[in-house]
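Here are my notes on the model you sent over. Have the structure open while you read them.

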Amino acid sequence: MDLTSKDLGAFKTPAIAVTVAIAVSLAMILFSSNQHVQSEKQYGNQLAALKEAKNRYQRSGEERETVMHYILAYQQLEKIGFIGAERRLNWVEDLREANAQAGLFGVDYQMMAQEPYTYVAKDNPIGDRIKQSKMRLSFGLLHEADLMKLFRALADRQPGLFSITECSLDRAGREGVPSPRQANLAAQCELSWVTIVRKEKS
Amino acid sequence: MSSKLLLSVSNDQATAAVRRGRRLASCKRFENDQAGWNAFSNFLRGFRGLPVHIIVDTVEEDFRLETLPHIRGRDRAAMVSRKLKQLYRATPYYSYALLDRDAGRRRDDRYLFAALTNGDILIPWLRAIETAALPVSGIYPQALVSVSLIERLKLRDPNLLVITKNAAGLRQTFFKDLKFRISRLTPLRNATDINDEQYAAEVSNTRMYLDALTVTHVDDILGAVILDQDGSLSGLSAAITRERPNTRCQYLNISDIHARFGIPIADLEAFGDVLHLYLLGEQAPALNLAPSYLTRSYKRFAATRWVYAASGATLIGATAWSGYNVYRAMDIDQRTVIARQQTEDYQAKYKQVAAQFPDAPTTPDNLRQTVEVAEQIRAAIRTPEKMFSMVSHALDTSPDIELKRIEWHYGDASANAVKPGASASQLSGGDPGRLVQSGIVSGEVTRFRGDYRAAMNIINHFVQQIAREDAVSDVNILKLPLDVRSEAALTGSTAAAAGKEKAQFEIQIVFRSGA
């Protein structure tokens, strides 16, 4: 059958109707499908939350034991500054006091930007919250035993958790008999100040 | 079921009705004159968009049974078209139906050709329909509309004559083996005093005609079904059997017709064509006399209606689908609410229990993990003291060695493998990532007089002293006063003055893992 303009004209309204019907149908299906998916997602999340709440309640006895066991150590870590923001001012002050106590000739320091601490097992759940800041120290020593005297004096001040990662002693061109009033050895060390980002109670 | 307008046209009048659902409504008769046509036009105004199905009940009709060779497809269409044009040159109202195939050897096809030989009868009615812009679905001979009576009345006679009295007259339609064969209309224009014997004579004429055609034999039993709407044929059964005793008559009066078809008695009494309008409304015959130009608007109408139906079906399907989705979503939401309630219950219970805990700044898990990780870090802390002590002990037994520089490293094994002669695997015992101590000691042999062999012995002794320590994994000599390795170049002078040269060396100390 050859289509005439009259035939095409007659199909104008039905074409609009079918287009509208398809558009409305698609909109309805997409909207309702989206609702369905959202509901399923919410339900999944809620189930996970329920499971966690149930487990937490069932483990509440263990948790109490955990709190009792670790609270003091945790508070001590908080006190020395291991937990929370870095206390660089304290570190520098403690270093100055340690230098004075060890009777050294002064310590030059250079502190780097904070970076992740990589010496924790990758599967440790809090590993990504542990950070370190490296500090390079340069100072003169009368005798090699003075090196450990400095670090002990620093550790006694409990400025935080630090680890010595490098140290070198150099005679620095001073040959012959050691002098009792000047630095006979040049020391260069690197410390790593370790802190953990605080996690608030949820 | 969709509504349709049904129209039965005869020479004197037309009867129209609207079929809604399974019922006929708005039944009305129109005389075949200007007043009737005007009334029909007015009648049509109320039924915009309804398709019109037309019955033609007139003597100016023709039915032919033809046997043609069995062919298919376009060839058959062309052959039948040629035949129809040959038979019915003067009218556009013709059509055909394929009845069955011949039982003979050639298995030819048997066709029924039908035509309305004078279409003038339809002109005023079609004009009104066209003016009202109603689509014409089809035009059907009244005789063929009767075919559906066979099924409705469960008729089984091999020689069957259906007798009806309609607005146009007495219609006799004969079926051989339940297939249409011939139909005769005897007009009864203005005839009011016709008795049963005259009707019976018409039936007798039909029988004689059938006998003459050898469609029936004179001794064959004929089943005659008399449909009498107005009670004028009540004595016809007796009259027929008087003339031809081998006729088995079945008489259906107005009550019987009402009971069988559900057509209101008032309509049956008022309109002679109402039964056939009802039958047409139920099922249209396959043979349609309407030419294609007449049914074009109906085809358009049917196509648009199909599109609307498809649109509706799409919407219904989408609504059902969406409804199912919404129902599922609501069901899931309900379960979510229950789960949330349970979660809150557990959280409340936990809070009650946790209220008795010591006041903690963080979660118990975090508390434990933080302390444990701090302990791990503390446990891993090392100082250079051990290495300095070891070197000091070794120097005590090697008074000819003077240290120039001492380095200590503590860290990742791979990061410490910076000096030639020491690989990362050596440093860490094949476990990269583990923290190890290592160191480099640089010194020289004092009182060196150019005796390299003696100097080497002093250095080796020093190295052995260090290597003896339990904490030491390996000691590598990085530099000697004289490099005697075959792969290295060696330069020097035997004329060098004693005491001017220096016997310098450099060694690397690698600690055991965990030391």
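1. Strands here are DSSP runs of E, at least two residues, and helices are runs of H or I, at least four residues, numbered from the N terminus; two strands pair if DSSP finds at least two bridges between them.

2. A word on ground rules. This is a predicted model, where local features need pLDDT of at least 70 and side-chain atom pairs pLDDT 80 or more, while totals for chains, interfaces and linings use all residues. Residues are numbered from 1 along each chain as its sequence is written, with chains lettered from A and ligands numbered from 1 in the order written.

3. The contact takes 66 residues from chain A and 62 from chain B, counting residues as touching if their C-beta atoms, placed from the backbone, lie within 7 Å. On the chain B side, H11(B) gives the most, with 30 residues.

4. Now the open sheet in chain B: its 3 strands are ordered S5-S7-S6, with antiparallel pairing. S5 (61-68) and S6 (94-101) of chain B are at the edges with a single partner strand each, so one side of each has no neighbour in the sheet.

5. S6(B) pairs with S7 (residues 109-116) of chain B over 7 bridges, in the antiparallel sense. Asp100(B) has Arg110(B) as its bridge partner in S7(B).

Note on methods. Two residues are in contact if their C-beta atoms, placed from the backbone, lie within 7 Å.
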